[in-house]
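Student: Could we go through the salt bridges in this one together? I'd like the terms sorted out as we go.
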Amino acid sequence: MQKEVKEFYPGAWKSHVWKGNYLEISTDAQARVRIYVLEQDIFRFRYATSLLFEEDFSYAINPHYRPSYPVPSIEETDQHILLSTSKLRCVVNKQNLKITILDLAYHILCEDEKGFHWEVHPRFGTDIVEMSKKVQEGEAFYGLGDKAADQNLRGQRFSNWGTDTYGFSKTADPLYKNINLYYGYHHDKAYGIFMDNSFHSFFDFGRERDDVCSFWADGGEMNYYFINGPHLMDVALRYAMLTGTPEMPPLWALGYQQCKWSYYPESKVREITSKLREYQIPCDAIYLDIDYMDGFRCFTWDAEKFPDPKKMIADFSEQGFKTMVIIDPGIKIDFDYSVFTEALGKGYFCRRSDGAYAQGKVWPGDCLFPDFTRREVREWWATLFEELIEKQGIAGVWNDMNEPALFEVDSKTMHLDVRHDYDGHPCSHRKAHNVYGMQMARATLDGVKKFAGNKRPLVITRSGYAGFQRYSSTWTGDNVATWEHLEIAHLQTQRLAISGVSFSGSDVGGFTERPTGELYARWVALAAFHPFFRTHSSGDHGDQEPWSFGKEYMDYARVFINLRYRLLPYIYTCFFQHHRFGVPMLRPMLFDRTVKDEKFIDRSDECMLGDHLLYCPVLEEGVTSRSVLLPDGQWYDYWTNRAYSGGRSYKMPAPLDRIPLMVRGGAVIPQFPLMQYVGEKEVEQLELRVYFSESEIKSNLYTDSNDGYEYQKKKYRWSEFLFKGATDSATLEHSYAGEFVPPYTSLKISFIGCPFPITSASVDGVEMVDQGEIDGNIFVLNVDPTFNKVLLLHRF
């Protein structure tokens, strides 16, 4: 007979007091709640099940975030306490401390069902902290990071406990990452809830009871943020403000990258790089997986496989390749291995509650694991990169197995009694597990930056907690070469982007098993629009380079890799918008501010890259056309320049060298000349493709030196373009700011889709129509990069 679980509740209001930036409410059951007003649109709620709150500490919140702490108005009645800002109303029921949040028009955004309650953990005796809220009519839910499910999470349950889930399926959960953010959307209004609790956490979006959304954690404090919209994009921007954004990457990190488990010996790696250049497949990075090491010992080289790594890396650099290496957290127990003996002597390895070392098996065999939640350990770890980065020329580091993952144990990770420093807040692995990978990536970034000079690094992590985007890019883990996983990659990258992690991608073609040529070509066609673009595979399933499936499929793949390199200035601009403003680089259609169509609530086929490009991948075998639902407005087929009216579906051709790629009317899309790698040649002329629309549309272009940190001193150029179209005229206005002077001396502006014959074309008042060229429905004009205004007219 199952023992009934007893639930505890905070009780009724007893007193309250405003304490500078939060309201503290005490109850007759000796519980407390603190309501912080961080911004007009952001409230924070903390609950204590006794008189004491935990020390306020978070790995998720951006350390540079400074709340404005507006002072709300506070009203009290016999039944309620009302906190109001210029955007929100928060109503607290005195009888049971249930919370209702409304907008200024008194529309309910979010309301408690049971509200806060807790249970006693049957094994550990600590609190299981729980929150349940009512599901509003028609409410949809989004977010939660790398879940492999459909975009709308309604009716599903998930947990966050970073897990090495090899060859996962669409229903597999948990996966590698732990991002406790979800969006609620109903009645054309959106909000977000972020539970900042690193214990094993759970989310139920109407699975157990279809009218209740609940979230809970196996320990710690109920500590969550309510983030107002009203638009989904508003929530995404405010979450990014809370948890931070990454630094700008080097431009080469947005190029195509080639990886395999494993390329060795050196002659094999040289063969791969040579073929990439021979077949004219643009590529910027080559990877070395664990077999470059001496017996899988981190920070070592196998001298037989790689006798002169410094020369090899320099030779690759001459060919235009950056070299990346993998580093795992497990340090081999070997008293002749200096990394091990140094960490052992300094007490940097994790220990169990009885003092024994937390030992586990991974690739090198028996290993110990550094406690990356301890500052001194992170500082030590950073010093280990000197040889790889400064002396040998490695450009970046890929952290794998950092959930942390262990072999030969049912839990796949450390024992729960392992102790961690948690930056001066000692705890067990129950609390530290979900942040372990994030703190390893943090230490790795510090190390790579320390020894890379003025070069920006690329760091990649498999696991992470909310906020890890400040330190690292990511990929979606050990996927499978199936059509289902192609769809999963499409879903996961969108979901990660709206969960604060834009710099993500999947293992192109699948990590396990081997794709057909068709599947590989379709995967490249999708991944060309993902910020992180890398082919990676497990070597025991065969080769997976673009030429591995024959010339036909190599040519298909090359089309999209070439396209990626043409679009790099647009993608780089998207990254700056993410870095500077928190804008997700990828976004489901409903996150685009122009989209009002409710058909997109449960639809994820179409996706936006930045403000103006819509891509719609082919996700089924043998398909040569597909339906595309276009939002309102005018759109253009990138491949043909044909114009389409939005607000309806179209069946579009999709042969293997094409997927539906649509450009918003009025957009300005910058393009590079084709290169085999970033920096192969100086960009002397930048093309701007300008698409006609009878409306005003804004576009941007970000330019800097493509590497280094001068951009942090305003040494960049931020250009804004405003297109205005009418039946007989088109105007392109240009303004810019910043201290950087771009290398290109000319802009090739291609005006596409003008519905009138162009009889006049003036640049800053100077007539230049005779210098223009007409190619079908494209009018081409070469102008100075500092132009202010181009005016096209049809004079009768």
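Tutor: To begin with a term, a residue is called buried under 20% relative accessible area, exposed over 50%, and partly exposed in between (1.4 Å probe, protein chains only). This is a predicted model, in which local features need pLDDT of at least 70 and side-chain atom pairs count only at pLDDT 80 or more, while totals for chains, interfaces and linings use all residues. Residues are numbered from 1 along each chain as its sequence is written, and side-chain values use heavy atoms, with hydrogens and water left out.

Student: How many salt bridges does a search of the whole structure find?
Tutor: The search finds 56, where a salt bridge is a side-chain nitrogen of Lys or Arg within 4 Å of a carboxyl oxygen of Asp or Glu.

Student: Which residue does Asp 204 meet in a salt bridge?
Tutor: Asp 204 pairs with Arg 157 at 2.9 Å, N to O. The pair links strand E16 (residues 201-205), which holds Asp 204, to strand E12 (residues 157-160), which holds Arg 157, 47 residues apart; strands (E, at least two residues) are DSSP runs, as are helices (H or I, at least four), numbered from the N terminus.

Student: And is Arg 157 buried or partly exposed?
Tutor: Arg 157 is partly exposed at 36% relative accessible area, whereas Asp 204 is buried at 1%.

Student: Switching over, what about Arg 462 and Asp 400?
Tutor: Their side chains form a salt bridge at 3.2 Å, N to O. Salt bridges with shared partners join Asp 164, Asp 400, Glu 403, Arg 462 and Asp 478 into one network. Both Arg 462 and Asp 400 are buried.
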